[in-house]
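Visitor: Hi, could you walk me through this one? I'd like to hop between a few spots.
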Amino acid sequence: MRVHIGPYKKWFGPYQLAEVLMFWVPKQKDENGFPQTAERVHRFGEWLAYGSIAPKPKVGDVYDIFRTDRKVTLLYRFLGWIDSKKSRKMSVRIDSWDTWGMDDTLGYIIRPMLYQLKKKKQGAPQVDFDDVPEYLRPTAEELEKYNSDGTTDDKFFERWDWVLDQMIFAFDSLDGGPNEDWEHQFTTGEYDFRLKKQDDDTSLMVRGENHTAETDWDARKAYGERIQNGFRLFGKYYQSLWC
């Protein structure tokens with residue numbers, strides 16, 4: 001297998017050009033403390049895009065949020081034409097042996113991506129409460145608040161962390177992962193199997209005198225169920241793996 005996936009193409013339009021041309025203007029902070037483009041730089045970008053600056057809407061006004069009703073400038077069209085010529089570079093080659101154990105092959109790719117996603121995630125999706133332990137679920141009051149105005153509870157992002165941890169746990173248990181030999185922890189003692197000759201000229205496997213191996217099948221089953229739950233959550237929240 002050989003895979004090369006380049007970065008996403010970046011849109012560079014009139015507003016981005018305005019930031020370059022007015023590079024000396026510092027960023028402003030919004031009400032949450034996050035940096036954002038200064039108002040005068042934004043207005044300059046609007047002028048580059050539409051040739052004019054529209055008045056700010058008043059309370060009660062209904063307007064097109066994307067400004068599709070306004071004519072764009074030649075500059076805007078030119079920058080759009082340049083963007084249409086860009087493409088994300090991708091090259092994927094699958095060899096025959098990659099699908100002999102496709103689950104393990106994908107594990108080598110998905111596992112480090114999950115590590116990075118958890119480390120660098122920028123948000124969280126709505127996680128079904130039934131998918132997490134009770135201590136991570138919101139109270140009735142918090143749930144009512146969320147349904148009324150969208151206010152999230154204190155464990156909103158913690159729930160997504162827990163789900164990601166279950167996915168990572170599952171993929172860590174595949175070949176190449178740190179827990180690939182997870183079955184061994186549930187067995188103690190030594191194996192001693194012998195072959196006993198039968199009358200029909202076949203052999204039967206039997207335990208030898210030194211066989212002391214014992215397996216905690218209940219614990220092994222519980223561990224395996226946790227692995228399967230991690231894969232289930234991976235499939236269920238697959239389209240949320242951008243958060």
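Predicted model: local features only at pLDDT ≥ 70, side-chain atom pairs only at ≥ 80, totals over all residues.

Visitor: Is K29 buried or exposed?
Guide: K29 is exposed: its relative accessible area is 66%, and the cut-off for exposed is over 50%.

Visitor: And what does K29 touch?
Guide: Leaving out residues up to four places away in sequence, K29 touches F34 and P35.

Visitor: New topic: where is Q166?
Guide: You'll find Q166 in helix α6, residues 156-172.

Visitor: Why does Q166 count as buried?
Guide: Because its relative accessibility is 5%, and buried means under 20%.

Visitor: Which residues does Q166 touch?
Guide: R226, G230 and L233, again not counting residues up to four places away in sequence.

Visitor: Now the surface. Which residues form the nonpolar patch?
Guide: Among them are M1, V3, I5, M90, V92, M102 and Y108, and the patch as a whole has about 1,000 Å² of accessible area. The elements giving two or more residues to the patch are β1 (2-5), β4 (90-93) and α4 (102-120).

Visitor: Which element gives the most?
Guide: That's α4, with five residues in the nonpolar patch.

Visitor: And where does M1 sit?
Guide: M1 is in the segment before β1. M1 counts as partly exposed, at 32% relative accessibility.

How values were computed. Residues numbered from 1 in each chain as written. Heavy atoms only, no water. Helix = DSSP H or I, 4+ residues; strand = E, 2+ residues; numbered from the N terminus. Buried < 20%, exposed > 50% of the residue type's maximum accessible area, 1.4 Å probe, protein only. Contact = heavy atoms within 4.5 Å. Patch = residues over 30% accessible without salt bridge, like charges linked within 9 Å, V, L, I, M, F, W, Y side chains within 5 Å. Areas by Shrake-Rupley, 256 points an atom, 1.4 Å probe, with all protein chains shown as cover. Salt bridge = Lys/Arg side-chain N within 4 Å of Asp/Glu carboxyl O.
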